[in-house]
Amino acid sequence: MASSIFTHCHSSPSSTTAFFLRRRHPVHVGPTSLRFFSIPSSPPSSHLLSLAASATEASAKVIDGKSVAKQIREEIAAEVSRMREAVGVIPGLAVILVGDRKDSATYVRNKKKACESVGINSLEVNLPEDSTEEEVLNYISSYNDDPLVHGILVQLPLPSHMNEQNVLNAVTIEKDVDGFHPLNIGRLAMRGREPLFVPCTPKGCIELLRRYGVSIKGKRAVVIGRSNIVGTPAALLLQREDATVSVVHSRTSNPEEIIRQADIIISAVGQPNMVRGSWIKPGAVIIDVGINPVDDPSSSRGYKLVGDVCYEEAIKVASAVTPVPGGVGPMTIAMLLQNTLNSAKRIHSFE
């Protein structure tokens, strides 16, 4: 059901803050758990490089995630083709879906189409809601041992009778393209260590900043939200890029003050239009991970999608901002494809 809280940017900022501070349970941004690999990137196009020069314009640059994701998919397709021709190997991604949630089914369907578009083999298992945890673990074990599978993704959320941690930890770290294995997150947190994979959504956030020529080193960055899926790994990635990082969460006092100091904001809290224009430092760059349905009687669907950031206020203050939809969302799947290719190249020692 679409939310009726903060469906537009005319709610009181103070009431928004109070709601944020009252939250005491983690927010799940999207139904999926979506890791790190760098394909040789094409030089940024001229419109990407012009971002810094545009900071003085009256309205923010739109960071076009759809366009960047399309460019990345083209790079991946070229690498997949080169690998197939050189060593006869086609990267393979296995997705396990348990239950009949429409949103999860849509995510899985989109991943399958994305795999096909770049030449990656896609395997899919659909299990009923009442499947046992043991059945899921058996499929994971089978894919762990399958040489044609280079990445395994368990679509979240799982049914309540399953132990999510047990299931995710069963995926071998070498095929953990979601990047949620404790060893991958641990390596991400440690200087001098490299994770095999980085979680896809935060990885996509950093890739957007890079491809739009946004300097991260030495900048003050604020991550809103501390989930294992987005907030925590995003903060670790920004720290790896030598940003000075603060994390704002449900127990943070005066979140507006902290956010207002940020040169870079990554918001992944799952509250529509929570971050107001008055919270944003002039010239800041905003990556909005939130995808929140809100009531919209004018829409044929009865709702529309908005981010955590009040977009119409943000574009008057920020130098660059991602739209919702069309910003971070397309990057998440592109990063999943990239991680799968990375895994295949690593397993087969292909450079």
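Two strands are taken to pair when DSSP finds at least two bridges between them. With that in hand, let us walk through this predicted model, starting with an open sheet of 3 strands whose order is β3-β2-β4 and whose pairing is parallel. The edges of this sheet are held by β3 (121-127) and β4 (151-154), and each has a single partner strand, so one side of each lacks a neighbour in the sheet. On average, neighbouring strands here are turned by 15 degrees against each other, direction ignored.

Look next at how β2 meets β3. Strand β2 (residues 92-98) runs parallel to β3, and 7 bridges join the two. To find your place along this pairing, look for A94, which stands opposite L123 in β3.

Between β5 and β6 the chain passes through helix α9 (residues 231-240), making a β-α-β crossover that is right-handed. Within this pair, V222 faces S246 of β6.

Is T252 buried or exposed? T252 counts as buried because its relative accessibility is 9%, and the cut-off for buried is under 20%. A polar atom of the T252 side chain lies 2.8 Å from the backbone nitrogen of H249.

Finally, a word on rings. A search of the whole structure finds 0 aromatic pairs. Rings do meet charges, though: the charged end of R301 sits over the ring of Y303, 4.8 Å from its centre. Likewise, R346 has its charged end over the ring of F197, 5.1 Å from the ring centre.

Definitions and conventions
Residues are numbered from 1 along each chain as its sequence is written. This is a predicted model: local features need pLDDT of at least 70, side-chain atom pairs count only at pLDDT 80 or more; totals for chains, interfaces and linings use all residues. Side-chain values use heavy atoms; hydrogens and water are left out. Rings of Phe, Tyr and Trp (its six-membered ring) pair if their centres lie within 6.5 Å; planes under 30 degrees apart count as stacked, over 60 as edge-to-face and the rest as tilted. A charge sits over a ring if NZ of Lys or CZ of Arg is within 6 Å of the ring centre and within 35 degrees of the ring normal. Helices (H or I, at least four residues) and strands (E, at least two) are DSSP runs, numbered from the N terminus. A crossover is right-handed if, with the strands pointing away from the viewer, the path from the first strand over the helix to the second runs clockwise. Buried means under 20% relative accessible area, exposed over 50%, partly exposed in between (1.4 Å probe, protein chains only). A polar contact is a pair of N or O atoms within 3.5 Å; within protein, one must be able to donate a hydrogen and the other to accept it, and residues adjacent in sequence count only if both atoms are side-chain atoms. Axes are lines fitted to C-alpha atoms, for helices over the stretch in contact, and angles run from 0 to 180 degrees between N-to-C directions.
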